[in-house]
Amino acid sequence: MKRIIIAFIASILGIVQSMAQDDKVGVLKNAFVKRDWQTFADSFPVTFAEFLDLYGYDASERKPNPLYNEGYDHIFFLFSNERIREDYYLRKLLRLTEGYEWDADAPNYLRENVRILIENYPSLMSEFMKDKPDMQVKDFLKCAIATPYPGPEHIQNYNRYLSTIELYEDYSSKIVRLLK
C-alpha cells in the first residue's frame with residue numbers, strides 16, 4: 001500500500017512539474033513574441049539545469065527540449081537590452097552560469113553573450129565580481145571563455161583567452177587570478 005501511495009505522489013509531482021515547465025515555456029514564448037523584455041528576462045531560467053531543460057537537447061531521448069529551436073533568438077533577445085547590465089540581472093546571470101558546461105547550440109549562444117559582457121564592460125564586470133565568491137566568478141568566466149577547442153593548438157581561442165587576461169589586468173586582480 002505504501003508503494004502505491006508513493007508511486008501516486010511521485011506521478012502527481014511529475015505532472016505538476018511538467019505543467020510548471022509548460023507554463024514557463026508559454027510565458028517565455030509569449031513575452032518574446034510581444035518583445036516584452038522585462039517579462040522575458042524575469043521568466044528566463046535561473047539555473048543552468050533549468051536552462052538545459054528548456055533550451056538544451058535531450059540526448060537520452062534523442063529529441064530537443066521545448067525551446068531548443070528558439071534558443072538562438074531567445075538568448076540574443078535577453079542580451080539585447082542594456083538592462084542586462086543591471087545588478088539584478090547580472091546576479092541572475094551569475095547564478096545561471098553556475099555549473100556551466102560547454103555544449104553546442106543554446107549553451108554556446110549563452111557563452112557568446114557572456115563573453116561579450118566580459119570583453120565590452122571590464123569596469124562594470126570587475127566591480128560586480130569583486131565581492132562574489134571565487135567559485136561563482138570562475139563559473140561565469142568559464143562560461144565566457146569555454147570552448148570545445150582549448151589550448152594553444154587552437155590559436156584563435158587561446159588568443160582570446162590571453163587578451164581577456166590582458167584586458168582585466170588594469171581592472172581586477174581577482175579576475176586575472178581566476179582566469180590563470
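These legends describe close-up views of one predicted model.

Residues are numbered from 1 along each chain as its sequence is written, and side-chain values use heavy atoms, leaving out hydrogens and water. Because the model is predicted, local features need pLDDT of at least 70 and side-chain atom pairs count only at pLDDT 80 or more, while totals for chains, interfaces and linings use all residues.

**View 1**
Helices (H or I, at least four residues) and strands (E, at least two) are DSSP runs, numbered from the N terminus. Along the sequence the pattern reads α-α-α-β-β-α-α-α-α-α-α-α. Of the 180 residues, 35% are buried. Buried means under 20% relative accessible area, exposed over 50%, and partly exposed in between (1.4 Å probe, protein chains only). A contact means heavy atoms within 4.5 Å. Among contacts in the chain with a separation of 6 or more, 67% join residues 24 or more positions apart.

**View 2. Helix H6 spans residues 106–120.**
H6 has 15 residues. From first C-alpha to last it reaches 21 Å, close to the 21 Å expected at 1.5 Å a residue. The expected span is 1.5 Å times one less than the number of residues. Buried residues of H6 are Ala106, Pro107, Leu110, Arg111, Asn113, Val114, Arg115, Leu117 and Ile118. Their cover includes helices H3 (48–55), H4 (71–78) and H5 (87–96). It also includes H7 (122–129), H8 (134–145) and H9 (155–168).

**View 3. H6 packs against H8 at an angle of about 110 degrees.**
The axes of H6 and H8 lie 7 Å apart. This geometry makes H6 roughly perpendicular to H8. Axes are lines fitted to C-alpha atoms, for helices over the stretch in contact, and angles run from 0 to 180 degrees between N-to-C directions. Angles under 35 degrees count as roughly parallel, over 145 as roughly antiparallel, 65 to 115 as roughly perpendicular and the rest as oblique. From H6, the residues Leu110, Arg111, Val114, Arg115 and Ile118 meet H8. Their partners in H8 are Phe140, Leu141, Cys143 and Ala144.

**View 4. Arg160 of helix H9 touches Arg115 and Glu119.**
Those contacts leave out residues up to four places away in sequence. Arg160 and Arg115 are 45 residues apart in sequence. In space they are 9.9 Å apart, C-alpha to C-alpha. Arg160 has 32% relative accessibility, so Arg160 counts as partly exposed.

**View 5. Phe40 pairs with Phe44 and with Phe77.**
The structure holds 15 aromatic pairs. The Phe40 and Phe44 pair is tilted, with 5.7 Å centre to centre and 50 degrees between the planes. Rings of Phe, Tyr and Trp (its six-membered ring) pair if their centres lie within 6.5 Å; planes under 30 degrees apart count as stacked, over 60 as edge-to-face and the rest as tilted. Phe40 has 0% relative accessibility. Phe77 is buried at 8%. Phe32, Phe40, Phe44, Phe48, Phe51, Tyr55, Phe77 and Tyr100 form one aromatic cluster.

**View 6. Arg35 sits over the ring of Phe32, and Lys132 over the face of Phe128.**
The charged end of Arg35 is 4.7 Å from the centre of the Phe32 ring. Lys132 is 4.3 Å from the ring centre of Phe128. A charge sits over a ring if NZ of Lys or CZ of Arg is within 6 Å of the ring centre and within 35 degrees of the ring normal.
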